[in-house]
Amino acid sequence: MVFSLNNCTNSEQMFDGQATNRLRKRFDSTLRIWIRMGCGSSVLSIQQMLRKYRRHRLRLLRKKEYNRLRAMVPSIATKPKVSKVTVIEEAIKYIDQLHAALVTRLQTRGLPQALRDSL
């Protein structure tokens, strides 16, 4: 099934009735807004449009997750711009520091009472 995004006024005009109902149930309002923004583009198949939308959503999700990870690592949390590679490297260093601190604590104090009882 192929549809044209030229001269469209809303997303419902781009699909036949049955496909419209299936897609309306399946996708959120972001997809409809995203489709409307592309009204001046060329002819796309539904599969092509959905692939583009999926890549767009994955890109946004990846960016959001890198920002979450960056916020968790104290050494880079306050820096305004940090590359993805730096985020990963600093996260690895931070995890190593936490692991070393845990090992040191267990060696000096032993297991907490609650953990000793569960063994």
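Predicted model: local features only at pLDDT ≥ 70, side-chain atom pairs only at ≥ 80, totals over all residues.
Me: OK, and H4 itself, how far apart are its end C-alpha atoms?
Reply: They are 37 Å apart. H4 covers residues 84-109, which is 26 residues, and at 1.5 Å a residue it should span 38 Å, so the two values agree.

Me: Which residues of H4 are buried?
Reply: Val-87, Glu-90 and Ala-91 are. Buried here means under 20% relative accessible area.

Me: What do those buried ones pack against?
Reply: Helix H3, residues 46-72.

Me: Why would residues a few places apart point the same way?
Reply: An α-helix has 3.6 residues a turn, so residues three or four places apart end up pointing the same way.

Me: Switching to pockets. What volume does the largest one have?
Reply: About 180 Å³.

Me: Which helix gives the most to its lining?
Reply: H3, with four residues. H3 and H4 each supply at least two. The lining includes Tyr-66, Arg-70, Pro-80 and Val-87. Val-87 is also one of the buried residues of H4.

Me: How do the lining residues divide into nonpolar, polar and charged?
Reply: Four are nonpolar, one is polar and four are charged.

Me: Now the whole protein: how many helices and strands?
Reply: Five helices and two strands, and along the sequence they run β-α-α-β-α-α-α.

Me: And how much of the protein is buried?
Reply: Buried residues make up 20% of the 119 residues. The accessible surface comes to about 9,300 Å², with 55% of that belonging to carbon and sulfur atoms.

Terms used
Residues numbered from 1 in each chain as written. Heavy atoms only, no water. Expected span 1.5 Å × (residues − 1). Buried < 20%, exposed > 50% of the residue type's maximum accessible area, 1.4 Å probe, protein only. Contact = heavy atoms within 4.5 Å. 1 Å grid on protein atoms, 1.4 Å probe; cavity = no way out; pocket = protein on both sides within 12 Å on 5 of 7 lines; lining within 4 Å. Points joined across faces, edges and corners; volume = space filled by probe spheres on them. Nonpolar A, V, L, I, M, F, W, Y, C, P; charged D, E, K, R; others polar. Areas by Shrake-Rupley, 256 points an atom, 1.4 Å probe, with all protein chains shown as cover.
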